[in-house]
Amino acid sequence: MKINDEKRIVAQMIRLYCSKHEGNEQLCTACEQLLTYAHARLERCKFGDAKPTCRRCPIHCYRPDMRLRMQAVMRYAGPRMLLHHPISALQHLWNELNSPSHQTAPARKPKPSDSAP
Ligand SMILES: [Zn+2]
């Protein structure tokens, strides 16, 4: 998924969380910080446009405190994204289902027969 799409989605999620969950009309300072932080992390993501969604990413690049806040946002906004931003939600879900997992997969030992013609 493109970094710009990710940025848009993360912004939508944080705004959703801040307005519906926290009841703020405008993005509060804490959420503003989180959003700025998340965007900065995305820009520095070494996977670039080939990045897996952050939940699947093997590199947990968030600071622990930011990570906790982002988890709260995702937990709240995740299911609600389908209602408010269905396209983004589906895009994200689709990407998550289809992106190759970078987690350490159980190492499959190559059998001699694999490389044989
Ligand atoms: Zn907020």
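Here is a short briefing on the fold, the helix packing and the confidence of this structure.

This is a predicted model, in which local features need pLDDT of at least 70 and side-chain atom pairs count only at pLDDT 80 or more, while totals for chains, interfaces and linings use all residues. Residues are numbered from 1 along each chain as its sequence is written. The protein has 5 helices and 0 strands, where helices (H or I, at least four residues) and strands (E, at least two) are DSSP runs numbered from the N terminus.

**Overall fold**
- Read from the N terminus, the elements run α-α-α-α-α.
- Of the 117 residues in the protein, 18% are buried (20 or more other C-beta atoms within 10 Å of the residue's own, with C-beta atoms placed from the backbone).

**How α2 meets α3**
- Helix α2 (residues 29-44) packs against helix α3 (residues 64-84) at an angle of about 105°, and their axes are 11 Å apart; axes are lines fitted to C-alpha atoms over the stretch in contact, with angles from 0 to 180 degrees between N-to-C directions.
- That angle makes α2 roughly perpendicular to α3 (65 to 115 degrees).
- On the α2 side, L34, Y37 and A38 meet M66, R69 and M70 of α3, a contact being C-beta atoms, placed from the backbone, within 7 Å.

**Confidence**
- The mean pLDDT of the protein is 80, and 72% of its residues reach 70 or more; pLDDT is the predictor's confidence in each residue, from 0 to 100.
- Among the elements, α2 has the highest mean pLDDT (93) and helix α5 (residues 112-115) the lowest (58).

How values were computed: Angles under 35 degrees count as roughly parallel, over 145 as roughly antiparallel, 65 to 115 as roughly perpendicular and the rest as oblique. Two residues are in contact if their C-beta atoms, placed from the backbone, lie within 7 Å. A residue is buried if 20 or more other C-beta atoms lie within 10 Å of its own, exposed if 12 or fewer, and partly exposed in between; C-beta atoms are placed from the backbone.
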